[in-house]
Amino acid sequence: MKTKKKIYFLICYCMLPLFYFFSVFFALIIRYKKKTLNIRLVWGDAPIINNVYWSRAMKKSGYASETYTDSYCSTINKREDYDKILQEHFWNIPLQIKYYLGFFESLFKYDIFFISFSGYFLGKTPYWWLEHHLLDLSRKKVVVLPFGLDSYVYQRVRSTSLTHGLMMSIPNPARQQQNIGKKVDYWCAKADCVIPGVMNPDGFGRWDVLMPSSLHIDLDHWQQSLRCNTSDGHSQVVRIVHFPNHRGFKGTEFIISAINQLKEEGLLVELTLLEGKQNIEVRHTLQYEADILVEQIIATGHGLNGLEGMASGLPTISNLEDDDYILPIRRWSYFNECPIVSASPETLVDVLRKLVTRPELRKQLGQAGREYVEKYHGLDSAQYLFREVIEYIYGRRESLINLYHPILGEYPKRKPTVKHPLVNNKIVT
């Protein structure tokens with residue numbers, strides 16, 4: 001396999017002058033061909049479900065928008081969630097050739113490319129460093145939205161705890177820091193817009209929008225739980241749910257230990273671990289079977305699962321302890337409205353004890369969580385974000401840096417402030 005890879009790279013190196021001439025010629029043709037009136041958006045090539053939600057939001061907003069991805073994760077998602085999948089096109093030719101064909105086909109079809117730091121299809125080839133040059137030559141725009149593995153350069157991560165969690169769950173990128181770092185630096189310099197909301201700007205040299213999370217979900221598919229468990233942990237079981245993909249990154253072993261300790265104290269608690277389940281099973285569990293969601297207690301911030309928990313009206317726990325990450329988004333965005341309860345491995349037992357024994361607090365946090373997601377993370381919020389991004393990259397807006405500023409920004413003021421009983425995401429007595 002290594003020999004074949006070396007031969008492939010040698011052929012690409014020898015073909016560079018011919019490839020460059022052909023690519024530039026092709027890009028110039030596209031540059032001067034007649035433009036369509038409607039801006040066409042594409043989301044890829046990473047097969048993350050976020051691309052589906054973002055594309056769906058913009059399609060509902062009237063844009064020509066679709067996903068075009070390199071495969072998809074069949075264990076948790078369905079084929080019908082995605083529009084175009086590269087493997088299904090261009091007959092039975094080798095996948096490495098399809099990456100080139102998919103890229104050039106997309107130059108014809110789309111105007112704005114929403115990608116990760118891995119790049120678009122050309123990012124899977126030895127010519128990845130030409131991708132922006134060809135997109136720019138074709139008068140295309142690029143917006144970068146990282147998802148994690150594309151952008152975590154372990155030696156740049158500010159939290160040693162997070163780095164260790166990453167190495168426990170995903171060790172291989174530790175050997176690829178140089179390559180990942182080159183692409184992060186490349187797109188930070190070249191992209192028309194960088195939105196690092198899903199993982200905070202950890203190790204980036206640039207961001208155009210500061211927000212707690214760029215993730216959005218379709219609230220039509222996520223209903224608030226009607227479970228209404230009024231137990232204080234002594235009359236009936238309080239069920240806690242955790243989704244343990246990337247266990248080291250999320251701190252799963254500490255969560256299991258905390259539940260066992262609460263059981264030893266005599267509290268009626270049960271832990272449900274769900275891994276590799278389809279989204280429909282996740283929704284059913286959160287809506288009908290869960291009282292508390294523990295998302296992650298190692299990585300700082302929250303992910304898509306945290307939004308799903310809040311959308312389901314559940315009190316949700318994530319690690320929000322590190323002010324190096326959290327203070328900027330409290331100060332310059334709407335994060336003070338977020339009702340996620342903060343916990344670390346050292347505080348989780350105490351936090352869970354307070355939630356298990358206080359059903360009224362669980363109810364308050366669940367209601368506030370639903371309101372928070374409705375205000376900031378529904379498809380309408382995605383439409384607002386990306387409409388403003390499009391205005392910015394076409395020069396019709398000067399800056400996005402204060403888009404969600406609690407004083408200077410308009411968006412946080414459009415609905416009443418989300419009220420919750422937490423202080424800096426901590427439970428107070």
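**A loop residue and its backbone**

Analyst: Happy to! C228 is exposed, with a relative accessible area of 66% (exposed means over 50%, with a 1.4 Å probe and protein chains only). This is a predicted model in which local features need pLDDT of at least 70 and side-chain atom pairs count only at pLDDT 80 or more, while totals for chains, interfaces and linings use all residues. Numbering starts from 1 along each chain as its sequence is written, and side-chain values use heavy atoms, leaving out hydrogens and water.

The phi of C228 is positive, near 50°, although the residue is not glycine. C228 sits in the loop between β6 (193–194) and β7 (238–242); strands here are DSSP runs of E with at least two residues, helices runs of H or I with at least four.

W91 also has a positive phi, about 60°, without being a glycine. W91 lies in the loop between β3 (84–85) and α4 (95–109) and is exposed, at 70% relative accessible area.

Another backbone feature is the cis peptide bond from G44 to D45, with omega near -5°. D45 belongs to the loop between β1 (40–43) and α3, and G44 is among the residues lining the largest cavity (on a 1 Å grid, points where a 1.4 Å probe fits but cannot get out; lining residues have an atom within 4 Å of a point). That cavity has a volume of about 40 Å³, and α3 (49–60) and β4 (112–115) each supply at least two of its lining residues.

Conventions:
On a 1 Å grid over the protein atoms alone, a cavity is a set of points where a 1.4 Å probe fits but cannot get out, and a pocket is an open set with protein on both sides within 12 Å along at least five of seven lines; lining residues have an atom within 4 Å of a point. Grid points are joined across faces, edges and corners, and a volume is the space filled by probe spheres set on the points. Buried means under 20% relative accessible area, exposed over 50%, partly exposed in between (1.4 Å probe, protein chains only).
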